[in-house]
Amino acid sequence: MRIINAKFVTSVADPKQIKDFGIKEIAIAGRSNVGKSSFINFLTNNKNLAKTSSTPGRTRLLNYFNINNELILVDLPGYGYAKVGGDDKDNWDKLIGGYLQNSQNLVAVAILVDIRHEPTPLDLQMVAFAHHYQIPFFIVATKADKLSKAQIQKQKQVLATGLKLGVENIVVTSALKKMGLSEVLQQFDKFLAN
């Protein structure tokens with residue numbers, strides 16, 4: 001896949017309003033501070049497509065992006081941000097869970113994790129959720145520019161062990177250094193071909 005055209009379509013705040021555009025969808029999931037917006041902007045080569053913020057936890061909606069009129073990227077609300085109250089957290093959980101269980105067009109979830117850290121309990125929960133509902137997924141390790149090549153290999157193994165996956169299921173990326181783009185797009189191609 002080569003991304004030529006990417007545009008924001010709409011946002012949804014209620015699981016009852018989940019959209020159906022009639023084309024395949026790949027969801028982007030991850031902790032609030034993992035860099036989901038930067039990842040989307042890096043993928044689409046458009047630094048203004050997804051709103052980035054210095055305050056984690058800004059995405060509180062499902063944000064839909066149309067890619068080449070052949071794929072919808074769905075940016076899920078970030079999970080695990082401590083400053084969110086109980087009601088907000090419940091709404092986010094319902095929105096994320098409602099989307100993942102009910103979208104008719106979802107073909108895969110890219111689960112973003114910070115390569116510098118071990119998987120969090122919430123990362124493990126997201127992987128367990130995907131397994132439970134038989135949703136195909138792959139892991140995207142972000143912020144690789146913060147580590148040396150040797151550290152990247154070591155951390156990739158730490159993530160694979162922690163998530164109980166093979167290292168080949170982890171794609172290493174850096175939005176800053178434009179690293180891992182072709183590998184992510186290969187994953188997209190794999191899921192779009194099914």
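**Exercise 1. Find which residues of helix H1 are buried.**

Solution. Start with the terms. Buried means under 20% relative accessible area, exposed over 50%, and partly exposed in between, with a 1.4 Å probe and protein chains only. Helices (H or I, at least four residues) and strands (E, at least two) are DSSP runs, numbered from the N terminus.

Step 1. List the residues. Lys36, Ser37, Phe39, Ile40, Asn41, Phe42, Leu43 and Thr44 are buried in H1.

Step 2. Draw the conclusion. Eight of the nine residues of H1 are buried, so the helix is largely enclosed by the rest of the structure.

Step 3. Look just past the end of H1. There, asparagine 45 has a positive phi of about 55°.

A note on the model: it is predicted, local features need pLDDT of at least 70, side-chain atom pairs count only at pLDDT 80 or more, and totals for chains, interfaces and linings use all residues. Residues are numbered from 1 along each chain as its sequence is written, and side-chain values use heavy atoms, leaving out hydrogens and water.

**Exercise 2. Describe how H1 and H5 cross.**

Solution. Two packed helices are described by the angle between their axes and the distance between the axes. Axes are lines fitted to C-alpha atoms, for helices over the stretch in contact, and angles run from 0 to 180 degrees between N-to-C directions.

Step 1. Take both values. The axes of H1 (residues 36-44) and H5 (residues 181-193) come within 10 Å and cross at roughly 90°.

Step 2. Classify the angle. That makes H1 roughly perpendicular to H5, a class that covers 65 to 115 degrees.

Step 3. Name the contact residues (heavy atoms within 4.5 Å). H1 supplies Phe39, Phe42 and Leu43, while H5 supplies Leu181, Val184, Leu185 and Phe188.

Step 4. Sort them by class. The contact has seven nonpolar, no polar and no charged residues. Here Ala, Val, Leu, Ile, Met, Phe, Trp, Tyr, Cys and Pro count as nonpolar, Asp, Glu, Lys and Arg as charged, and the others, Gly among them, as polar.

Technical notes:
Angles under 35 degrees count as roughly parallel, over 145 as roughly antiparallel, 65 to 115 as roughly perpendicular and the rest as oblique.
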